[in-house]
Amino acid sequence: MRFGHRRNIPIWIQGLIVIIGIAVISALFIYEKVEEERMEQHVLQMEKEERKKLIPSDENSINVLQDNGFVTDVPEQGKLVLSSETFRENYERTSRFDVAAASVSVDLSKQSFDASKIYLLRFRMKAEENAAIVNVNFGKKYNFFITTEWNEYYYPCTDEEIASVKWVLESDFQIIQISDVEIYEYGANADLQSMPCGTYLADAKEIKLSEDTDLNIGHQNRDIQYLNGYVYLVGDSSLIIAKENADGSLVTCGYLSDLGEVRRLELYDDTMLAVASRHNGVYLVDISNKETPTVISHYNTLEIANDVCFASDYMIVAGRYFGVEIVDIKDRSNPQFVSKISNNKECYRVAVSDTTLFVSCWATGEVELYDISVVDNPQTIRTVEVDGRVGETFVDEDFMYVVTGYSGMSLKDTVGQPGYGTGNGLTIFDITDITRPVLVSTVKADGSLFHSAYDDWSVCVNNGFAYFTNSYGGLYVYDVSNPAAPERIGKYTVPLYKDKSSLYTDMTESDAYVFPYDCSEYINSPVTGVALGEGKVYFSCAYTSLHSIDFSEAMPLEKKVNNSVEYQVANASDKNRYRNVEYLLSDENVYVIQKAGDYYYVGTDVGIYVLDSKFERIKLQKTDNPVQDIKIVDGILFTAETTGMGIYRVDDEIIEFISWYDSNSKNKNVSSLGVTPDKAFAVLQASFAGLEVVSITDLENPSKVDNLLTDDGNKISVDKLGTGSLYYRNIVNGNVNGMIGVIGMANSVWLRSTGENLQLVASYRNSLYREEGGTASMTDGTVVTIANNGYRVYDPIADMNSDLSNLNVNKVSDVFISGKATVSDGLLVVCNAYKGEIWVINIANPENPVLVSNFEISGNPDLCLVTENYILIPVKHSGLMKITRSAK
């Protein structure tokens with residue numbers, strides 16, 4: 001075996017290797033150290049730069065400028081507690097890079113704020129590039145809308161928790177400028193109604209038109225449109241057509257009366273228009289001959305027709321809490337209900353663009369968007385929120401314009417809060433993506449304005465300009481060629497001075513009203529509508545009639561319905577969803593059903609159907625108007641027939657006309673009635689805020705009764721009963737110890753016949769009123785009122801001096817009821833025509849209700865009739881719903 005020889009490495013080489021290794025390790029160590037120091041320096045530099053970013057400057061925060069002065073005055077009795085000079089000396093800022101966003105604040109902790117005092121913050125602000133939102137915290141937080149024009153902002157505060165004032169930019173960063181910050185102190189008894197509140201354009205650009213500029217066309221006008229040289233107006237139950245002469249003057253050429261409580265009009269083209277007449281439904285009018293407009297047909301809406309628009313061969317009606325109705329008008333002489341949208345909101349205005357429906361929901365401050373490509377199956381797209389009650393929505397290409405009024409949607413409940421009366425203005429959204437509307441800008445009308453009348457606002461847009469109405473605030477015109485930076489062109493008002501105008505109305509009587517001017521000196525004629533001519537803007541007014549301004553940029557809107565859009569019909573139905581349920585008279589619009597003997601009497605659009613015990617049609621008594629209510633007393637049948645009351649004699653299948661009472665109500669809409677047991681008097685719910693009492697002692701000659709008898713023998717006018725607003729079926733369902741009850745928004749009244757007179761038994765404030773509520777009689781002389789998701793039982797006379805809202809609310813666990821009530825045979829049946837929901841509840845023991853059944857349907861269930869074997873419910877366009885009761 002051989003072994004190899006191993007050579008030894010010289011010691012000097014080994015030493016060299018060690019030295020090199022040590023050098024490499026040292027070098028690596030030194031490099032790491034240097035790199036670490038470099039990184040530390042980099043981090044420090046980054047931190048320094050970040051800290052530098054956090055240092056507020058005019059480039060990254062809200063800029064505080066020197067004073068510019070105010071246009072709007074504050075009440076003289078105020079004490080200046082923070083001057084603009086003190087503010088500039090003490091304010092602090094944060095930059096756009098701060099976690100709190102760009103802001104300006106001033107510490108007030110050293111100020112002595114008195115909880116019993118009222119404080120007013122005012123300042124000026126503007127945005128450099130686009131409209132913005134700034135949140136201001138002064139006791140409470142409130143959003144102010146900033147534009148690219150200088151505005152003055154006034155913020156009253158009655159809050160004791162004032163520690164600072166802070167402005168925070170809520171929208172994307174841009175340069176915002178603020179100046180003239182001041183705080184005033186007022187005594188506890190300061191007049192909040194006269195205190196400035198909200199936003200005022202520094203240059204208001206107000207043009208006051210003389211009352212003499214009234215064109216004197218129409219009366220109490222509510223809306224206006226323009227097309228091809230003609231102006232169309234509705235007001236005072238009438239349609240007026242005026243022709244534009246070559247010199248620009250107008251002359252009335254056509255007139256149509258008896259259209260009811262007219263509210264809005266919409267042109268289909270130059271041959272037809274629709275008039276939305278609130279309680280009186282919708283009228284389609286032929287305007288081919290401008291001198292003799294004629295009614296083509298009348299469509300009786302579910303409740304109040306507040307607005308109308310067209311989508312090809314369909315008419316769309318806004319019906320407040322009854323939602324939106326889609327109506328087929330291919331046969332203009334016979335409009336046919338197709339479908340409805342129920343969203344449990346107050347649907348006030350409607351607009352259509354292609355297959356998208358825009359619904360303005362007044363009370364909730366929202367616009368709801370729907371896809372109506374399938375007209376009998378609308379689908380929700382989106383809900384958009386705005387700051388204020390919502391008026392008209394107008395779509396112009398890729399932008400949606402929404403006019404608002406009354407109060408902002410937060411901090412709005414009390415005069416003096418920053419949102420009260422400051423919801424008036426115009427909001428613009430980008431709807432390029434219809435599923436994601438983007439807020440672009442909001443401009444506000446000047447100051448705060450709140451009044452209970454003329455609470456509907458209009459807007460139109462064309463050629464880069466927007467025109468919107470603000471009732472007592474006037475007409476506003478804005479350049480919206482850049483929707484992100486609207487610029488006011490003008491504000492047009494028609495002041496009516498107290499000492500000079502017979503049209504002046506005193507608005508100082510209510511402590512809830514606020515105006516952006518001294519209404520004890522003058523009141524502006526409320527602007528109700530706006531229309532565009534060639535180089536001219538027309539606006540309708542409620543006190544004066546019609547005014548115009550010359551504006552070269554004004555261009556008429558095209559008023560021709562787009563018939564190229566194709567809508568589909570799915571023919572969907574939910575009528576077979578429930579067992580023991582059958583629909584009768586499905587081809588009719590059914591309002592009411594009553595029974596006498598073995599026969600049923602059904603009120604419909606075409607008249608009174610008589611049905612036998614098997615619900616077979618025996619006879620139709622035709623009527624000129626829809627039969628909306630029926631009462632039968634001792635073989636005499638009384639009807640609420642919209643324009644008046646019909647009186648008939650019934651004997652089984654025989655029905656014989658006796659006489660007719662023509663309503664004396666200005667806007668005739670007799671929708672329900674009560675009849676005293678002795679057949680001496682009928683009480684008619686005849687209009688939005690009116691009752692009529694009719695003597696029916698002589699059935700062949702019914703006559704109006706002007707005065708009632710009080711319990712002390714004095715007379716009181718029917719007009720002075722003070723029930724307040726009457727919306728839908730406000731007469732109590734059933735007599736109570738011989739009395740007829742009327743439950744109004746303001747007061748409840750109870751009336752009883754003495755034979756010769758109708759006596760006012762009781763009248764008291766109604767603390768249980770709900771539009772979605774109702775009251776029905778019980779057999780023991782008490783009544784059931786639906787409210788607060790349950791019901792209260794009380795004696796309407798014995799408990800009239802009590803606060804009824806303090807009475808116990810009877811509820812079924814986890815069941816929330818609302819609607820009109822019927823009580824019979826131990827059952828409470830509640831029908832909510834708004835929501836399409838029905839509850840059947842056993843109240844044999846009223847304090848321990850038991851739910852029997854609950855239905856949700858697509859129709860509008862109305863007051864029902866309960867028999868031994870059936871529950872019969874009118875469901876308007878869906879006919880008559882028959883529910884077979886289970887054996888006891």
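## Buried charges, cores and an open sheet

Asp-456 and Arg-264 are both buried. This is a predicted model. In it, the two side chains meet in a salt bridge, 3.4 Å from N to O. The pair links distant parts of the chain, 192 residues apart. Asp-456 sits in the loop between strand E32 (438–444) and strand E33 (459–462), while Arg-264 belongs to strand E17 (residues 264–269).

Asp-456 also meets Arg-349 in a salt bridge. Arg-349 lies in strand E25 (residues 347–353) and Asp-456 in the loop between E32 and E33, so this pair ties together parts that are 107 residues apart in sequence. Here, too, both Asp-456 and Arg-349 are buried. Shared partners join Asp-223, Arg-264, Asp-307, Arg-349, Glu-392 and Asp-456 into one network of salt bridges.

The whole structure holds 33 salt bridges. Another of them pairs Arg-93 with Asp-58. Arg-93 is in strand E3 (residues 92–94), and Asp-58 is in the loop between helix H1 (11–54) and strand E1 (63–64). The two are 35 residues apart. Asp-58 is partly exposed, with a relative accessible area of 41%.

| Salt bridge | N to O distance |
|---|---|
| Asp-456 and Arg-264 | 3.4 Å |
| Asp-456 and Arg-349 | 3.0 Å |
| Arg-93 and Asp-58 | 3.1 Å |

Next, the nonpolar residues. In soluble globular proteins, nonpolar side chains tend to be buried together. The largest nonpolar core in this model has 52 residues. Those with the most contacts inside this core are Tyr-467, Tyr-472, Phe-515, Ile-523 and Val-537. What does Ile-523 touch, leaving out residues up to four places away in sequence? Its contacts include Tyr-472, Val-494, Leu-496, Met-507, Phe-515 and Tyr-543. Another core lies apart from the largest one. This other core has 33 residues, among them Val-81, Ala-102, Phe-113 and Trp-167.

The cysteines form zero disulfides. For Cys-519, the nearest cysteine sulfur is that of Cys-197, 15 Å away. A disulfide needs the two sulfur atoms within 2.5 Å, so Cys-519 is in none. Cys-519 is buried, at 11% relative accessible area.

Five strands form an open sheet with mixed pairing, in the order E56-E55-E59-E58-E57. Strand E56 (715–717) and strand E57 (739–743) are the edges, and each pairs on one side only. Neighbouring strands are turned by 40° against each other on average, direction ignored. Strand E55 (residues 707–710) pairs with E56 in the antiparallel sense, over three bridges. Asn-707 stands opposite Ser-717 in E56.

Notes:
Residues are numbered from 1 along each chain as its sequence is written. This is a predicted model: local features need pLDDT of at least 70, side-chain atom pairs count only at pLDDT 80 or more; totals for chains, interfaces and linings use all residues. Side-chain values use heavy atoms; hydrogens and water are left out. A nonpolar core is a set of buried Ala, Val, Leu, Ile, Met, Phe, Trp, Tyr and Cys residues joined through side-chain atoms within 4.5 Å. Buried means under 20% relative accessible area, exposed over 50%, partly exposed in between (1.4 Å probe, protein chains only). Contact means heavy atoms within 4.5 Å. Two strands pair if DSSP finds at least two bridges between them. Helices (H or I, at least four residues) and strands (E, at least two) are DSSP runs, numbered from the N terminus. Axes are lines fitted to C-alpha atoms, for helices over the stretch in contact, and angles run from 0 to 180 degrees between N-to-C directions. A salt bridge is a side-chain nitrogen of Lys or Arg within 4 Å of a carboxyl oxygen of Asp or Glu.
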